[in-house]
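Me: Could you walk me through a protein structure that I have open here? I am still learning how to read one.

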Amino acid sequence: MGRKRKKALSTGRDDSSSKAAMSEAIEPSSSAIRASKNKLPLPLDSSSSQHVKQDVNKISRSMLIKLYNFCTRRPKTNEELSVVVSMFGVYLNRKDSYSMKPKGWVSDMVILAAGKLMMEEEKATNGAVTRHIFSPQFMNKVKWDLNLSNEDSYKTWSIEDVSQFILPGKLGYEIYQCKLIFAPTLFEEHWSCYVLEPKEKTLYVLDSMHDRLSASKKNLDDATKRRFEELLVLMDPGSTKENASITLVYADVPRQQNIHDCGIYVLKYLEIWDGSIKWEDKTMPDYEYKEIVEFRQHLLCGWVQHPKNEVREEILKAAGVWGKLG
């Protein structure tokens, strides 16, 4: 289920002892060279090296948990709007980061931020966006229009209705050329996701509670299918109303084991789902509760530590982990 609610300064000493030490470091004395020749080489102690690495990992892990706990503690009223992540035009405040605590219902701003940051990462890595992710506001419009209309007053979308979501001038690319188009959806206090594959004209429903479809959710599925058909005509110059028919498919994805992790499953869809069978006979792996909690930690802490996070230093210092994370 889910619900709505968002830089080492050297201090050198100019004295004879420091100069001697520096000289010795740069050009060892002949006695030092002779002494080194008489020494047997030390064996490489792989176990010691491994222990050091494990200790470093333990410290980094404990600092990561400390940062996560800081960001997900219940904010005081005057802290709710203080920003913990600010980059690429996305802002997450303490109220949003609190929703990433274990068993927390993730906020719509977390979903929006995840989508924006995943697309920015893909663009930086591959030079193009192939997995477009709508903000939750897109499906809010679909729901709003569904509530306002009935079959007698149904209004087909025009470009003006959806320009903010699909125009290349706003996105920087042609959306219909993307391999997949994701539409995370909050409906009846539950997060799910629609995924359009434009070339195949297939609309997938990814829902971690797919075996509990309500009549109203089925109505939304049908309405979303129809809106995506209209969207195809508006996005793709080669599409017409006659050849834009879409097939609706309910994807077999793992079922959540509780009432609060649906938003996390949607974040995993946005991250890795591509419709191919990779985990036995499924398109997504099953997750244990521990894995879900770790995903919450790594995702939120990754955003806070991101080099482009404008409040990164401020938050890491406030959490007491500045300079301590490996």
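Reply: What follows is a conversation about the sheet, some helices and a few residues. This is a predicted model, in which local features need pLDDT of at least 70 and side-chain atom pairs count only at pLDDT 80 or more, while totals for chains, interfaces and linings use all residues. Residues are numbered from 1 along each chain as its sequence is written, and side-chain values use heavy atoms, with hydrogens and water left out.

Me: Okay, what order do the strands of the open sheet have?

Reply: The open sheet has five strands in the order 3-4-5-6-7, with mixed pairing. Helices (H or I, at least four residues) and strands (E, at least two) are DSSP runs, numbered from the N terminus, and two strands pair if DSSP finds at least two bridges between them.

Me: And which strands stand at the edges?

Reply: Strand 3 (131-133) and strand 7 (247-250) are the edge strands, each with a single partner strand, so one side of each has no neighbour in the sheet. On average, and ignoring direction, neighbouring strands of this sheet are turned by 25° against each other; axes are lines fitted to C-alpha atoms, for helices over the stretch in contact, and angles run from 0 to 180 degrees between N-to-C directions.

Me: In what sense do strand 3 and strand 4 pair, parallel or antiparallel?

Reply: Strand 3 and strand 4 pair in the parallel sense, over three bridges, and Arg-131 has Leu-180 in strand 4 as its bridge partner. Helix 10 packs on the sheet, where it touches strand 3, strand 4, strand 5 and strand 6, and its direction makes about 20° with that of strand 5.

Me: How about strand 4 and strand 5, how many bridges there?

Reply: Strand 4 (residues 180-187) and strand 5 pair over seven bridges in the antiparallel sense, and one of the pairs puts Thr-185 with Ser-192 in strand 5. These two strands form a hairpin with two residues between them.

Me: Where is Lys-201 found?

Reply: Lys-201 is in the loop between strand 5 and strand 6, and it has a positive phi of about 55° although it is not a glycine. With 23% relative accessibility, Lys-201 counts as partly exposed. Strand 5 and strand 6 form a hairpin with four residues between them, and five bridges join strand 5 to strand 6 (residues 202-206) in an antiparallel run. Tyr-194 stands opposite Val-205 in strand 6.

Me: Why is strand 5 largely enclosed?

Reply: Eight of the eight residues of strand 5 (residues 190-197) are buried, so the rest of the structure largely encloses it. Both faces are covered, with His-190, Ser-192, Tyr-194 and Leu-196 buried on one side and Trp-191, Cys-193, Val-195 and Glu-197 buried on the other.

Me: Which residues is Val-266 in contact with?

Reply: Leaving aside its neighbours within four places in sequence, Val-266 is in contact with Ile-111, Pro-184, Trp-191, Ser-192 and Cys-193, where contact means heavy atoms within 4.5 Å. Val-266 is found in helix 10 and, at 0% relative accessibility, counts as buried. From C-alpha to C-alpha, Val-266 and Cys-193 are 6.4 Å apart in space, although they are 73 residues apart in sequence.

Me: New topic: at what angle do helix 10 and helix 11 pack?

Reply: Helix 10 (residues 262-272) and helix 11 (residues 289-305) pack at an angle of about 65°, and their axes are 11 Å apart. That makes helix 10 roughly perpendicular to helix 11 (angles under 35 degrees count as roughly parallel, over 145 as roughly antiparallel, 65 to 115 as roughly perpendicular and the rest as oblique). Ile-264, Tyr-265, Leu-267, Lys-268 and Glu-271 in helix 10 meet Ile-292, Phe-295, Arg-296 and Leu-299 in helix 11. By class, this contact has six nonpolar, no polar and three charged residues; Ala, Val, Leu, Ile, Met, Phe, Trp, Tyr, Cys and Pro count as nonpolar, Asp, Glu, Lys and Arg as charged, and the others, Gly among them, as polar.

Notes
Buried < 20%, exposed > 50% of the residue type's maximum accessible area, 1.4 Å probe, protein only.
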